Amino acid sequence: MDYTIKIGGEAGQGIQTIGDSLAKVFSLFGYYVFTHQEYESRIRGGHNFYQIRFSNRPMAASKSIIDILVCLDKESTKVHKDELSQYGMAVYDLKLTKESINDERFLNIPLLDMAEKFGKNKIMVNTVAIGAVLGMLNFPQEIFLSILQKTLGKKGDEVVQLNINSFVAGYEFAKKECLRCAFTITSHGKPKMLIGVNESIGMGAITSGCKFYSAYPMTPSTGIMLFLASKAEKYNILVEQAEDEIAAINMAIGASFAGVRSMTGTSGGGFALMVEGLSLAAMTETPIVIALAQRPAPATGLPTKTEQADLLFAIHAGHGEFPRVIFAPGSPDQAFYLTNKAFDISQKYQIPVFILTDQYLSDSQWTIDEIDIKGYKHTQYRIRGEKLESIREYKRHLFTENGVSVFGIPGTSTRLIVTDSDEHDEEGHITEDPDIRTKMVNKRFHRKWPSIKSEMGPPYFYGDNDPDIVIVGWGSTYGVIKDSIDILSKNKKIAMMHFSELYPLPDAEDYIKILKKAKKTICVENNASGQFARLIKTETGFEFNSAINRYDGRPFYSDLLARSINGIID
Amino acid sequence: MVSLTDYQGNIPAWCPGCGNYSILRAFKEALVELNIAPHEFTIVSGIGQAGKFPHYLRCNTFNGLHGRTLPVATGIRLANHKMLVIAVAGDGDCYGEGGNHLIHAIRRNIGVKLFVHNNQIYGLTKGQASPTSMEGMFTKNQPFGVLSGQLNPVALAIALDCSFVARGFAGDINHLKLVMKEAINHEGFALLDILQPCVTFNKVNTYDWYRQRVYNIEDEYNPEDRLSAFKKSLEWGDRIPIGIIYINKRQTFEERIPFLKDRPLIDHELFTDKWTDLVKKALDEFF
């Protein structure tokens, strides 16, 4: 069993509410769920959609074929018609689309009328639609009814009852009228967690002791800030909406200097403004974590769409030479784990660390069984109070073997913490001395670099152990490549190699051996110029013999990607 | 007790006669009189001659980027609001490059004390006009004289309802020290604009020029009346008022954050058992 539901309509019609509710129902039922969204940069109107795939088998990406299409506007009935599977069904409301459709796959359901009749309000159209979808699937009603009770209970019995009536009306209508509906609901596992990647990064930050997050709203990174703001009171995390991205990163650096773990988040254009601050964090050796959620550029680009084109920007951003680490998770559990690692490494080496995502990944939701924080690193590297006082001649930028100097918390002892964006001496005071300059560069960069490199985990390998074909990707393409391998591995010796710990590249010996041995190596990227392929070539000398690049602002779909791969290897 | 020698820092690299020397002296004396030890506060400075200020002292120091003193100071203050945080900037630094941050720091009423060494010229880059240079002033970079109007930081701050606005003069150390102490003791955001002669590049606004014009604000003046404060702020030319121009005791940013009531952010535990339980519960929310 593997079904996909797509809800299409205008912004402001409640697509998100319907999508989120259905995804929740399926995950609580015990299915694996994957959702993704495509929306336009507007609050009302336009054409948006929300896609949910659910299955009793693990999967990690969207397909291009849909089984149930919910059309809340006329546009949806046209643009997504050809995506319907052989037994697919679409529902629409004549009152909303204003055009009847003479196609046996299209079922007219009076969503609006039922909302007014049973819910006493047009707004109940979402609840009726949820009922209709579950009715078409002949799916048990209890889970959604309990969600209604849980989320609307506070608003009183009447509101709950009106919602129940609307839901049941939609459910019964669809069940009775959809004669072509032949969906079968199969066995399922235990209830699963449904988590989005932005939420996962936010929760990863909280569980890694982040106490300060300053940012300026920018799609698709805003979700991290919203999530943290919703948890501010509970976890005592200070979330400040800065006046601009320059202020955001400088505030985070200030908070970090003063002694708390801090983070900022943004997207391409906002990060362009942060670049000077990045260099400041490096010079003053102030730890900071930056979530960089990519979207298509240059300039404002396609603000709500997806792309992986800021990898080389993140690697090279900032004036001068300094170490940095870049992680690019491909799933919520990777995002959670790598956010913890980002905080740990940035604190340990006093460097900036990036978490690179993109719109497709940021706005996606996945089911996972559980998140275990036991193996996570929770080391406090900063020192304060008596311990700091006991260091006789404290120097903030003391020259050491591994380049890392003890970072005291100012104001907690009589030791003074001094740092400067100018080149500085060990105490942190401004200097132009050439010997000190050379030693400081060595301390900041050369001495730290080997240890930083050794922290980087190897790529994730999946598929045939001795592959003829290797599909390579990074970040958000994890799920879609994995699904394509499942599709293609039946008759091919094929494997995937996915990098989530990107920069510095992990020790290359093992994976380059595999790549060299394979007949076909294909690098899959959501950008035009193959930035990761270039990185691999620059750092290791290895050149992939093929590439699949998509740069129309849309994500890869597993069935289509499998077809593209087939096109190259056959 | 704290003494002046506790504050002995590196030897300043400013020009002889620079107004910065008097500001440094007034500041050290203010700290001694308030009995504040070097480790009890942090100075955030930017770039410009004023940016070097903390290096000629002894104190916790973050000498950051040009224009970005206030965001860094805001971050430090939010992480540890029990610590005194002073931002030191020049007129180019704070009123030019970092103008946006000034507006928003005032709006927030974050408990940062901002001292602006306002010499009405760019010193570090050798004599270009600053936002506070007087209209018509000639420089190598302004061959037709300064064409833009002169920024009035005091009026700007009052217009934004800044909770403490004052002006000092580097040529009157005792008065400057008093105003600095008032600013330091003020609860919310404080702007202290300090008129500072630049003996090398500003040949218009010299010590004599200022001395002929500045006067101490009258004792009977009420700084809590916004309209008269605004009127006072517009005085510039023949007579330039120095002293506390506007006070509006409003709630600080820090006071409005519930979990900062009992302790600063740096004292919130990171990884205790209680914290682990909290996190486990939080993860359950995803079911």
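How many residues of chain B are in contact with chain A, and how many of chain A with chain B? That was my opening entry, and I looked it up in what is a predicted model. I found 43 residues of chain B in contact with 51 residues of chain A.

Next I checked which elements of chain B supply that side. β2 (60-63), α2 (69-79), α4 (99-108) and α9 (273-284) of chain B each give at least two residues to the side that touches chain A. I noted α2(B) as the source of the largest share, with 8 residues. Then I sorted the residues on this side of chain B by type: 24 are nonpolar, 15 polar and 4 charged.

β2(B) made me look again. It pairs with strand β15 (residues 418-420) of chain A, in the parallel sense, over 3 bridges. For one residue pair I wrote down A:Val418, whose bridge partner in β2(B) is B:Thr61.

Along its principal axes, the C-alpha trace of chain A spans about 80 × 60 × 40 Å.

Does that go with a compact globule or against one? With 570 residues, such a globule would have a radius of gyration near 25 Å, and chain A has 26 Å, so the two agree.

Looking at contacts in chain A with a separation of 6 or more, I got 74% from residues 24 or more positions apart.

Note on methods
Residues numbered from 1 in each chain as written. Chains lettered and ligands numbered in written order. Predicted model: local features only at pLDDT ≥ 70, side-chain atom pairs only at ≥ 80, totals over all residues. Contact = placed C-beta atoms within 7 Å. Helix = DSSP H or I, 4+ residues; strand = E, 2+ residues; numbered from the N terminus. Nonpolar A, V, L, I, M, F, W, Y, C, P; charged D, E, K, R; others polar. Pairing = 2+ DSSP bridges. Rg over C-alpha atoms; globule rule 2.2 N^0.38 Å.
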